[in-house]
Amino acid sequence: GLVIWVWLWLVACQGQTPARLPADSPTDGCLTCHTGIEEISPSHRFSCVACHGGDRLALDEETAHSGLRGGRNPSDFSVVEASCGGCHNGPAEERRDHIHRVLTSLQATYAGAIAQVGFAFGTQPDLTARQGMVAVADPHVSTDTGVAALTLFQPGPAAPRPLQTFAANCLTCHVGGQPQVRPYYYRATGCAACHVVYENDGLYRGNDPTIDKTEPGHGREHRFTTAIPYYQCNHCHNRGNYSLAQMHFLERTDLANPAGFPKPTGFRLKEYYQPIAQFTLCEWKLDCVDCHTNQQVMGDGDIHSGKAETPNTQCKTCHGTLAEMPSLTRVDRPDHPAVRSAALNPNYLVTVGDVIVQSDTGDPFGWVQWDGQKLIQTAKITGQVYEIPLVMGSACQQRPEEQESRYCHECHAMNNEQ
């Protein structure tokens with residue numbers, strides 16, 4: 001930024017009005033207006049236009065913004081291949097196929113919900129997904145439940161009215177859909193729907209002078225993160241339930257008014273989960289990303305017809321059973337997925353030689369490590385450290401084959417009004 005301002009001052013002293021920076025300028029002209037803007041992430045240290053598009057040498061707004069991808073969000077699915085594909089279209093075996101995985105995931109396709117509604121109202125014979133919010137194909141189906149392709153869900157005037165109603169009022173939930181513009185619902189689309197944190201009031205709290213701090217609809221900062229707090233997930237989840245009987249979304253009525261940042265004491269328990277079910281202490285204390293892994297959230301690369309077909313974290317993943325310890329693996333190379341993931345999070349570290357938990361499908365939990373005597377978990381959002389109690393050797397009487405969370409809740413449920 002200093003280089004730009006010195007150059008502008010020198011040109012101004014000569015009575016000229018520059019329209020462009022020199023072609024060899026090491027700094028983007030974007031920073032002549034977006035002074036103070038936050039670095040998007042340590043792993044994205046390159047020109048603004050590499051992601052956003054536009055003209056990095058222009059010094060007037062109209063020229064600089066010509067050709068921007070996705071408006072102010074280059075990670076929107078309509079442009080994600082052009083913006084993010086250079087880095088995030090890598091080999092599946094190295095877990096670098098982020099774009100393919102997220103575009104085929106339930107978060108993007110909404111295929112499970114569409115199949116449920118179609119089956120309920122007789123437009124398809126079973127619950128196998130056939131349509132999605134995006135038309136997408138998977139040429140390499142790798143699981144027994146994977147679907148080869150989805151067509152675009154566009155119920156026409158001849159479709160049953162419930163499907164038309166569903167399409168009209170309940171399709172802002174998938175990550176490619178435009179969110180509702182009101183408190184609790186503010187978020188971006190595409191990759192930024194998860195990785196750019198929005199406050200519940202939708203107000204910007206960063207240092208870019210071009211962003212109105214009183215105008216709702218902006219991320220908290222211009223920053224990507226993998227330390228994704230629970231309330232970011234809640235911009236889509238836990239807002240209420242969709243009633244098939246009424247074909248209407250029934251919103252929660254127990255939420256407080258949107259809070260600022262940081263959250264007031266007690267706000268978390270009031271907002272985290274709906275008060276209609278039981279949850280254990282770890283579910284209250286931890287954040288969603290402390291249990292739900294990259295593969296679970298972004299998909300495993302196959303198109304699925306519902307959450308039951310996708311990898312799932314169970315209580316035994318970290319606690320084990322009476323008969324078995326949790327599944328452990330040793331990090332054996334510097335480019336191990338657990339090492340790469342930890343490098344993107346400010347709160348925990350994984351190095352070669354560390355012994356970590358892994359899921360039944362081999363998804364690494366780098367933030368849960370075995371120190372030779374006990375399992376230690378580092379919370380991804382706060383960095384707080386916990387010792388994980390193991391079932392083996394305890395007084396627990398749960399049968400090893402009964403691993404659904406409801407069995408654990410029989411003894412370990414916590415009251416959310418504490």
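Buried means under 20% relative accessible area, exposed over 50% and partly exposed in between, with a 1.4 Å probe and protein chains only. Helices (H or I, at least four residues) and strands (E, at least two) are DSSP runs numbered from the N terminus.

The model is predicted: local features need pLDDT of at least 70, side-chain atom pairs count only at pLDDT 80 or more, and totals for chains, interfaces and linings use all residues. Residues are numbered from 1 along each chain as its sequence is written, and side-chain values use heavy atoms, with hydrogens and water left out.

**Stop 1: helix H7**

Select residues 111–120, which form helix H7. Its buried residues are Ala111, Gly112, Ile114, Ala115, Val117 and Gly118. Contact means heavy atoms within 4.5 Å. Among the elements that cover these buried residues are helix H6 (106–109), strand S1 (131–132), strand S3 (149–152) and helix H8 (161–169). After H7 comes Gly122, with a positive phi near 80°.

Now select Tyr110, in the loop between H6 and H7. Its phi is near 55°, a positive value in a residue other than glycine. Most residues other than glycine have a negative phi. Tyr110 is buried, with a relative accessible area of 17%.

Rings of Phe, Tyr and Trp (its six-membered ring) pair if their centres lie within 6.5 Å; planes under 30 degrees apart count as stacked, over 60 as edge-to-face and the rest as tilted.

**Stop 2: helix H4**

Select residues 80–88 for helix H4, where Val80, Ser83, Cys84 and Gly85 are buried. Their cover includes helix H2 (48–52) and helix H5 (98–103).

**Stop 3**

Asn234 lies in the loop between helix H10 (230–233) and strand S4 (240–243). It is buried, with a relative accessible area of 1%. Leaving aside neighbours within four places in sequence, show Tyr184, Arg239, Glu271 and Tyr272, with which Asn234 is in contact.

Go on to Met247, in the loop between S4 and S5. Met247 is not a glycine, yet has a positive phi of about 50°. Its relative accessible area is 9%, so Met247 is buried.

**Stop 4**

A nonpolar core is a set of buried Ala, Val, Leu, Ile, Met, Phe, Trp, Tyr and Cys residues joined through side-chain atoms within 4.5 Å. Select Val350, Phe365 and Val368, which touch the most other members among the 14 residues of the largest nonpolar core. Helix H15 (337–343), strand S8 (355–358) and strand S9 (364–370) are the elements that give two or more residues to this core. Not counting residues up to four places away in sequence, Val350 touches Val331, Ala338, Val339, Ala342, Gly366 and Gln369.

**Stop 5**

The structure holds seven aromatic pairs. In the pair Tyr348 and Trp367, the ring centres are 6.1 Å apart and the planes stand at 70°, so the pair is edge-to-face. Tyr348 is in the loop between H15 and S8 and Trp367 in strand S9, 19 residues apart, and the pair links these distant parts of the chain. Both are buried: Tyr348 has a relative accessible area of 9%, and Trp367 one of 5%.

Finish on Lys380, whose charged end sits over the ring of Trp367, 3.6 Å from its centre. A charge counts as over a ring if NZ of Lys or CZ of Arg is within 6 Å of the ring centre and within 35 degrees of the ring normal.
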